[in-house]
Amino acid sequence: MSAKAISEQTGKELLYKYICTSAALHNRFKYARVGCDTDWERLTQEHPWLLAERLVVKPDQLIKRRGKLGLVGIDLDLTGVKEWLKSHLMKETVGKAKGLLKNFLIEPFVAHKQEEEFYVCIFATREGDHVLFHHEGGVDVGDVDAKAQRLLVGVDQKLESSALKSHLLSHVPDHKREVLASFLVGLFNFYEDLYFTYLEINPLVVTEDCVYVLDMAAKIDATADYVCKAKWGDVEFPPPFGREAYPEEAYIADLDAKSGASLKLTLINPSGRIWTMVAGGGASVVYSDTICDLGGVNELANYGEYSGAPSEQQTYDYAKTILSLMTREKHKDGKVLIIGGSIANFTNVAATFKGIVHAIKDYQGPLKEHEVTIFVRRGGPNYQEGLRVMGEVGKTTGIPIHVFGTETHMTAIVGMALGHRPIPNQPPVAAHTANFLLNSSTSVSTPATTRTASFSESSPPSEVTPAKKSKPGVPPGSFSLCCSPTSSSLFPLFDLVFSFSIHTAKATTLFSRHTKAIIWGMQTRAVQGMLDFDYVCSRDEPSVAAMVYPFTGDHKQKFYWGHKEILLPVYKNMGDAMKKHPEVDVLISFASLRSAFDSTMETMQYPQVKRAAFGNSSASKKPLTVGHGVFHSEQVGGIKPGCFKIGNTGGMLDNILASKLYRPGSVAYVSRSGGMSNELNNIISLTTDGVYEGVAIGGDRYPGSTFMDHVLRYQDTPGVKMIVVLGEIGGTEEYKICQGIKEGRITKPVVCWCIGTCATMFSSEVQFGHAGACANQASETAVAKNQALREAGAFVPKSFDELGDVIKTVYDDLVAKGIIVPAQEVPPPTVPMDYSWARELGLIRKPASFMTSICDERGQELIYAGMPITEVFKEEMGLGGVLGLLWFQRRLPRYACQFIEMCLMVTADHGPAVSGAHNTIVCARAGKDLISSLTSGLLTIGDRFGGALDAAAKQFSKAFDSGLLPMEFVNKMKKDGKLIMGIGHRVKSINNPDMRVQILKDFVKQHFPSTQLLDYALDVEKITTSKKPNLILNVDGLIGVSFVDLLRTCGGFTRDEADEFVEIGALNGIFVLGRSMGFIGHYLDQKRLKQGLYRHPWDDISYVLPEHMSM
């Protein structure tokens, strides 16, 4: 769920339009918006009530406590409103946030008594929707959390009038209770139907018989756009007060909307010297935190992130936008650009860096002029090549670029950039991606499974350990659910992981070495990643038993299991898959957001499924209710080293091996961010004996499972010796960990850090990359939660920069106490690199099967012979220009493009009697389809019909180039017994000229720089027509010789190139392309006329049979 604030005007417009209530709601649609450019005369014509009623005026810019700040003009006439606006419009207001007052709302003034004011608020939580009501409203309502009556409406439940009256309206006068109850029920239904996440009315005025909505604040679930678009319309989401809306932000938002990747940009201080370009939602928050922690809050220019495998072009567009912004004004101390990120799951880092490198090269001048220093830290697939390329561009451009990989702590570059730590001259170099895939062992056999237990134990414990009886970790009948951060991508992670405990005994583990899964969706890359993980974990069998794909029939799909190929069954029907694979207890679904609900409900029908992961990004996070509990849509990551991993969790094989995820360690973690879970894998592998289990519950406001669900599992799992929690701003789940530690339910060491500490330092609200990364109250801030955790006894670092150090300190202490006994490493089996990935890394080369030089569809837009399709339309090149690019790889002169288009027009058709049209018609009347009928007509084109263009061009060119006089050429052809191609017509003659020829000839004479071959052909025509009037230069001949003149004299071709195009048949292509239009026309004509099967009449056939011969 992504809760985004809307303006008061938008909220009221939706309310007045869609609320259903029997209460008399007055002043519907009575509001007028004003700003600097308001035409008051027109405004009063559209809203005549402005002249007749007393008015209220107030800013509509998401400003809290407007009344307290004196920003509401009350009981004014229109003249008074104008006077009031003179002292407020475009004035700077200083509260917590400082900004200009630009947009105001005028409404009718409602005279009322204080006791007629009420307060109502509805907001969403993980458990359901809370309705807050207080019988006293208005400016001085005070602490509503403490005062208001509260009613929780569970997910998929309705607000009943009786419950509302008894729980909320006990202090309301009897004569108003019914009216209020009717309005509040209607308000709640409206809130649910239009996917609001927050709706506050203060005050709500209820007189004897009327209801007035005076002031309103609201947020809606922006991800429900595909559900509510018809009702919402084009909703605008204004920026928080104090932060201007910049066109660059809108540009990136538009790129984001058009992309499967995630691209975000928020400008905080465009004059600042510290700029960021960070990959990943969680990582972007961590970098902002560290910058602020190190004293850079006043110089931080932007917040943003890119993730989900953006293309090179998308990354270039994003990077150039940031580089353009940061090079607009100079800073006395120069500027720094931090290109950071955690370890990617499947994004080819080198590919995304190409876009950034391209942008740096384009802006190298301004970057050097503004004294910009760039710091890069990244990990993930092919990151070594990405860092090498980034380092090279620094050397070639002279821009100081410092690059670091996974050997460097993620945020260490921030300290370097801000001068708090030295920049190493020779940073450690990690092994190349390819080197991770082959270990030092010469054996290719699977090693003994000595890594199945915790890495610190000598013997494997029981997979399932009962929780403490007195204080159960996961109560029976509940479910465990994990989600990871939202990020649109080609291969998403997953929405939810459930443990359907209602079917099984209480368990502390999500997965075991024997877990079997069915994959819903044709996600072959994710499946292969799971199989490779299984293999290096020395599992006996693959964890994927089958796949379900409803869009094809049952078949087998080929995958690799280590060095050999295997076949996995693919079923059209989930029921068949479940029936044939009773051992399966996990389902991983890649269903799209529109089919996720149906596939989820179908999954719930099979009791054998104990856990499920549902993968869809961008779905509305409105909870769905099913028989076993409530779950929300959000992406997930989960991995149990040595046992099982979900989809792309943990990244590609090189990261699995580098982070030692092929065998369990002693540290279990739970993270909000899925992208940051890879970073945790890396930190834990560098500072401890490795990960025992890792779960990312997701950055959504209400993830399917909570931190406490997993922390309690880890507490009750003997193999887990210490716990790491990575929380973030927003929500209050971390306080349950505090309570668990204080009560003694959690006794194992807990290292915890909540990201988002920078939020309290910003003057205006910033929505971070995760939907839930926003504090609605002081207790939800990262600072408050970190302090509470520290006081409760958790190990809390001073910043994320020190998280690894704290983890190492706690781990070393456990080792010293003998609680953890590090075991000897056992090398994993070798796994060959896939051919496609090896080629992408540049490790191998292979000759291509095809070569093309005219078109490239791989980038963000189609390219014709080097020209983007947008430029083709911008230059208005037309069909002739496109043909020039695709056929001749040239941008032809305008007259040449026009000539080509004229040739296509004059050759488009020549009636139904010619052989090609005749064949097309016969086929169409035989019931054949368009393609078959067109092909039938095209197959008749040759030397006798339509194929004379090439032949005419070759004959006339050869004669002209040989120096033959026209008469000599005619005599030679006659002597050789050959026809002169392009000469002669069945109907037209010197006395009945072909107007097509005349039109083309006039154009060529007027526009071509030289017409030597055409003049030669016309001289030949004079000789042939003197013998017979119909031996004219026909349209084929004229086009043929004119095209030779064009190719030879337009300046775009050498003589050899011009001759080559004639030789390879380019000119006949003109006739084929043009006449195809006519053939299609004949096909459509016959179908439109509904002509039946054609049979040739007998009287038009001469039957010539041999006479009967008798012996």
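The structure is a predicted model in which local features need pLDDT of at least 70 and side-chain atom pairs count only at pLDDT 80 or more, while totals for chains, interfaces and linings use all residues. Residues are numbered from 1 along each chain as its sequence is written, and side-chain values use heavy atoms, with hydrogens and water left out.

The protein chain holds 37 helices and 36 strands; helices (H or I, at least four residues) and strands (E, at least two) are DSSP runs, numbered from the N terminus. Of its 1111 residues, 56% count as buried, where buried means under 20% relative accessible area, exposed over 50%, and partly exposed in between (1.4 Å probe, protein chains only). Among contacts with a separation of 6 or more, 74% join residues 24 or more positions apart, a contact being heavy atoms within 4.5 Å.

Turning to the sheets, an open one of four strands runs in the order β2-β7-β3-β4 with antiparallel pairing; two strands pair if DSSP finds at least two bridges between them. β2 (32-34) and β4 (73-76) stand at its edges with a single partner strand each, so one side of each lacks a neighbour in the sheet. On average, neighbouring strands here are turned by 25 degrees against each other, direction ignored. The antiparallel pairing of β2 with β7 (residues 104-108) spans three bridges, and I106 in β7 is the bridge partner of A32. Helix α1 (residues 8-18) packs on this sheet, where it touches β2, β3 (55-59) and β7, and its direction makes about 40 degrees with that of β7. These angles run from 0 to 180 degrees between N-to-C directions, with axes as lines fitted to C-alpha atoms, for helices over the stretch in contact. Helix α4 (residues 78-86) lies across β2, β3, β4 and β7 and runs at about 20 degrees to β3. In the loop between α1 and β2 sits F29, whose phi is near 60 degrees, a positive value in a residue other than glycine. With 39% relative accessibility, F29 counts as partly exposed.

A further open sheet has six strands in the order β29-β28-β31-β30-β32-β33, with mixed pairing. Its edge strands, β29 (644-645) and β33 (750-755), each pair on one side only. Strand β32 (residues 722-728) and β33 pair in the parallel sense over six bridges, with I755 in β33 as the bridge partner of E728. Helix α23 (residues 782-792) packs on the sheet by touching β32 and β33, at about 165 degrees to the direction of β33. Elsewhere, strand β14 (residues 262-267) has five of its six residues buried, so the rest of the structure largely encloses this strand. β14 pairs with β16 (residues 302-307) in the antiparallel sense over six bridges, and L265 stands opposite G304 in β16.

Aromatic pairs number 22, counted when rings of Phe, Tyr and Trp (its six-membered ring) have centres within 6.5 Å; planes under 30 degrees apart are stacked, over 60 edge-to-face and the rest tilted. F888 and F1053 form an edge-to-face pair, 6.0 Å centre to centre with 80 degrees between the planes. F888 belongs to helix α27 (residues 878-888) and F1053 to the loop between α35 (1035-1049) and α36 (1055-1063), so the pair ties together parts 165 residues apart in sequence.

Finally, the peptide bond from N202 to P203 is cis, with omega near 5 degrees, and P203 is located in strand β11 (residues 196-206). E876 lies in the loop between α26 (869-874) and α27, has a positive phi of about 50 degrees although it is not a glycine, and counts as exposed at 65% relative accessibility.
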